[in-house]
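The points below are meant for a colleague who is opening this entry for the first time, and they can be followed with the sequence and the model side by side.

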Amino acid sequence: MNAEFLIISLSVILLISPFISNMLKLPISMVEITLGAIFSGLGLIHHNEMFNLIAEVGFLYLMLLAGMEVNLKELLNMEKSVFKKAMLFLLILNVSSFIFVFVLGLSKVFLVIMPLISIGLMISIQQEIGKRDWLDLAIKIGVLGELISILILTIVSGYFEFGFDKKLLFNIGILFLFLLFLAVAFFLMRSLFWWFPKLKHYLMPGVDKYHQDVRIAFSFFFIMIAFLMKIHLDVVLGAFVVGVFISTFFEHNKDLEHKLAPFGFGFLITIFFVHVGSSLNLSLLTSWGIIKDSLMILILMIGVRIFASFVFYFTLGLKKTILFGLSLSMPLTLMIATATLAHQNNSISDYWYNVLVFTSVLEVIVVMISVKIIEKKV
């Protein structure tokens with residue numbers, strides 16, 4: 001009976017969330033997270049293996065779509081001035097985070113958490129407001145930040161699992177070998193398609209009755225995930241890389257993203273947001289201490305990003321600079337993943353684990369609403 005209630009509850013949320021979003025003029029991701037929390041609080045949603053699996057796939061699918069927003073050729077040809085500002089932005093972000101963590105006497109885990117960047121939810125912003133120049137720039141800079149975040153998270157995960165041991169060095173070695181493999185694969189594929197330009201059209205035609213482009217995208221997606229699971233690396237990186245690969249080498253197929261996005265935002269990604277909401281314990285809202293500390297972390301994380309974003313002030317102007325900083329302030333899943341690892345290894349208490357989970361969800365709500373309000377203003 002619990003499984004039936006779960007299916008019905010998820011179906012109801014899928015059905016009513018667009019209507020509530022339109023009626024209240026709120027981002028649909030915020031509505032889905034909120035409904036997930038409410039339904040869970042009422043006992044209508046419970047976690048089981050299938051629900052957790054679909055939600056995980058939903059997040060990875062979101063990262064696939066995020067990767068498809070990045071053309072590696074364009075990224076490598078980024079103007080030197082923009083690249084220098086990007087590096088300065090990341091430097092200021094990390095130094096500011098470092099200073100605040102030590103001044104406030106927070107756990108060293110916050111040295112990892114504070115500067116985390118993830119571009120997955122930026123695709124949800126794009127879904128809400130459309131393409132914008134400041135958002136395109138944020139995604140490009142976010143790619144660099146997310147790559148650094150995933151590398152750090154992978155190293156931290158290995159540290160928690162192995163400690164300072166040969167196995168940790170071995171794990172880091174595998175990670176950098178994988179990155180080297182990706183670099184070699186990129187240059188080989190670029191050469192292959194240069195010599196045989198018709199091959200990309202043969203592999204991924206724009207229109208055919210078998211939807212070959214969708215089949216290839218899903219095949220790459222799941223093969224890469226399985227491969228990274230086998231070598232014990234973070235599968236988030238794999239999903240993102242596949243999206244970048246498709247965007248870079250099959251840019252002729254402009255319709256593929258439009259084919260994949262509805263299935264994601266209409267089902268899988270919605271399940272992911274509902275799952276995030278359902279993991280939030282509403283009883284936390286009765287604890288002033290948790291609310292106060294969550295707001296403190298939220299203000300710090302958004303504040304340091306907006307502060308660092310002012311390196312782009314003369315490029316973007318005040319309004320777009322603030323929007324740029326806000327859009328990079330939602331490292332939801334990476335933050336929860338880091339908090340979970342730290343909690344499992346007793347690096348943070350139950351209290352701070354709950355604070356970080358609540359903060360990660362609250363960030364999405366605050367940023368989504370703020371972006372929508374500021375974007376409408378002149």
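Helices here are DSSP runs of type H or I with at least four residues, numbered from the N terminus. The model is a predicted one, and the points that follow should be read with that in mind.

1. Gly 243 is a residue of helix α12, which covers residues 235–249. Its relative accessibility is 0%, and because buried means under 20%, Gly 243 counts as buried. Setting aside residues up to four places away in sequence, Gly 243 touches Leu 64, Gly 67 and Met 68. Val 70 is 173 residues from Gly 243 along the sequence, yet the C-alpha atoms of the two are 7.8 Å apart in space.

2. At the start of α3, a side-chain oxygen of Asn 48 comes to within 3.2 Å of the backbone nitrogen of Met 50.

3. Ser 118 sits in the loop that runs between α6 (110–113) and α7 (122–129). With a relative accessible area of 4%, Ser 118 is buried. The side chains of Ser 118 and Glu 146 are joined by a polar contact of 3.4 Å. When neighbours within four places in sequence are left aside, the residues in contact with Ser 118 are Met 63, Glu 146, Met 330, Pro 331 and Leu 334.

4. Beyond its neighbours within four places in sequence, Asp 293 is in contact with Tyr 351, Trp 352 and Val 355. Met 87, by contrast, is 206 residues away along the chain, and its C-alpha atom is separated from that of Asp 293 by 30 Å.

5. Ser 309 also belongs to helix α14, and with a relative accessible area of 0% Ser 309 is buried. Not counting residues up to four places away in sequence, Ser 309 touches Phe 89, Thr 321, Phe 324 and Gly 325.

6. A polar atom of the Lys 319 side chain lies 3.3 Å from the backbone oxygen of Glu 375. Lys 319 and Ala 226 are 93 residues apart in sequence, and their C-alpha atoms are 42 Å apart in space.

7. The last point concerns a pair of helices, α17 (residues 332–344) and α18 (residues 350–376), whose axes come within 9 Å and cross at roughly 175°. Because angles over 145 degrees count as roughly antiparallel, α17 is roughly antiparallel to α18. On the α17 side the contact is made by Leu 332, Met 335, Ile 336, Ala 339, Thr 340 and His 343, while the α18 residues taking part include Asp 350, Tyr 353, Leu 356 and Glu 363. By class, this contact of α17 with α18 has eight nonpolar, four polar and two charged residues.

Terms used:
Residues numbered from 1 in each chain as written. Predicted model: local features only at pLDDT ≥ 70, side-chain atom pairs only at ≥ 80, totals over all residues. Heavy atoms only, no water. Polar contact = N/O pair within 3.5 Å; in protein donor to acceptor, adjacent residues only side chain to side chain. Helix = DSSP H or I, 4+ residues; strand = E, 2+ residues; numbered from the N terminus. Buried < 20%, exposed > 50% of the residue type's maximum accessible area, 1.4 Å probe, protein only. Contact = heavy atoms within 4.5 Å. Axes fitted to C-alpha atoms, helices over the stretch in contact; angles between N-to-C directions. Parallel < 35°, antiparallel > 145°, perpendicular 65-115°, else oblique. Nonpolar A, V, L, I, M, F, W, Y, C, P; charged D, E, K, R; others polar.
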